[in-house]
Amino acid sequence: TQREMAVMRRVETASKNPDSHFFAFGSRAFEAFATTFFAASSTRCDFAGNCWRKLSIVCLASNQLSRAISMSIFPIQADSIPPAMDGRDVLACAMTGSGKTAAFLLPILHRMLGKPREGKHTRALILSPTRELAIQTVEELNALGVHTPLSAAAIIGGVGMGPQEHAFRCGVDILVATPGRLLDHFRMPYAKLDKLEYLVLDEADRMLDMGFLPDIRRVLRHI
């Protein structure tokens, strides 16, 4: 369909830029494309033993990750975390509640800690369809990165723009934003994401269903 092709074109464009990485995670619309971006099934056999250990060492979130290691690894995590850690673009699909958020947050934390930023600029943008999902993502990010120096902020409607402006000016590492409120900030000179390294479309199919494609395209012009 037209919406799926639009996402595919963005994925192809992102793939040509070695300095940026693109993640699109959805729950319904991308089944036909998932196998194109997942790693081979052979990566699952050593995932729990090797990949989790690497993440636990780099992220330093010992309490959170030790609990994760003791639980079953969700397929979305087994398939998408290894290529994401390698710096590949990922387009993934899984049911709600299947570990999608950790599947894209952990590789981003891993790679950010392995390459400290220079200067004050935001390195990752996560677009979410609703303010509730954005808040949940920031909460999970803060839990996973509790023992790291990485910072995050939610850019959402329904609250004052002052603290959000401060997040832009201070250059938090990760912004989790709804498209509409992010575009409101882009009208101001302080809102710059020209050094972005990671872009995530969380619940991408839902955003397209809700008619966010024009807003997403406008956001992409600023990064």
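**Entry 1: the cysteines**

Is cysteine 170 buried or exposed, or partly exposed? I looked this up before anything else, keeping in mind that the model is predicted. Cysteine 170 turns out to be partly exposed, with a relative accessible area of 31%. Cysteine 93, in contrast, is buried, at 15%. I then searched the whole structure for disulfides and found zero.

**Entry 2: the overall picture**

Next I stepped back to the chain. I counted eleven helices and six strands in the protein chain. Of its 223 residues, 53% count as buried. The accessible surface comes to about 10,500 Å², and carbon and sulfur atoms account for 54% of that. I also looked at contacts between residues at least 6 apart in sequence: 76% of these join residues at least 24 apart.

In soluble globular proteins, nonpolar side chains tend to be buried together. With that in mind, I went looking for nonpolar cores. The largest one has 27 residues, and Ile108, Met112, Ile126 and Ile174 have the most contacts inside it. Helices α5 (75–85), α6 (100–114) and α7 (131–144) are among the elements that each supply at least two residues of this core, and so are strands β2 (90–93), β3 (124–127), β5 (174–177) and β6 (198–202). Which element gives the largest share? My note says α6, with eight residues.

I also found a second, separate core of 23 residues, which includes Ala153, Val172, Leu175 and Ala191.

Then I zoomed in on isoleucine 126. Setting aside residues up to four places away in sequence, isoleucine 126 touches Phe104, Leu105, Thr137, Ile174, Leu175, Val176, Ala177, Val200 and Asp202.

**Entry 3: a buried histidine**

Where does histidine 185 lie? I found it in helix α9 (residues 179–186). Histidine 185 is buried, with a relative accessible area of 0%. Its contacts, leaving aside neighbours within four places in sequence, are Ile155, Met161, Gln164, Glu165, Phe168, Tyr190 and Ala191.

Most residues other than glycine have a negative phi. Glutamate 203 sits in the loop between β6 and α10 (204–209). At 8% relative accessibility, glutamate 203 counts as buried, because the cut-off for buried is under 20%.

**Entry 4: salt bridges**

- Arginine 169 pairs with glutamate 165, with the closest N and O atoms 2.8 Å apart. These two are four residues apart in helix α8 (residues 162–170), so about one helical turn separates them. Arginine 169 is exposed at 53%, while glutamate 165 is partly exposed at 27%.
- Aspartate 215 and arginine 218 meet at 2.1 Å, N to O. Both lie in helix α11 (residues 213–220), three residues apart, about one turn of the helix. Aspartate 215 is buried at 16%, and arginine 218 is partly exposed at 36%. Elsewhere, salt bridges that share partners join Arg181, Asp184 and Arg187 into one network.
- Aspartate 184 forms a salt bridge with arginine 187, the closest N and O atoms being 2.8 Å apart. Aspartate 184 is partly exposed, with a relative accessible area of 26%, whereas arginine 187 is exposed at 64%.

Notes
Residues numbered from 1 in each chain as written. Predicted model: local features only at pLDDT ≥ 70, side-chain atom pairs only at ≥ 80, totals over all residues. Heavy atoms only, no water. Buried < 20%, exposed > 50% of the residue type's maximum accessible area, 1.4 Å probe, protein only. Contact = heavy atoms within 4.5 Å. Areas by Shrake-Rupley, 256 points an atom, 1.4 Å probe, with all protein chains shown as cover. Disulfide = S-S within 2.5 Å. Core = buried A, V, L, I, M, F, W, Y, C linked by side-chain atoms within 4.5 Å. Salt bridge = Lys/Arg side-chain N within 4 Å of Asp/Glu carboxyl O.
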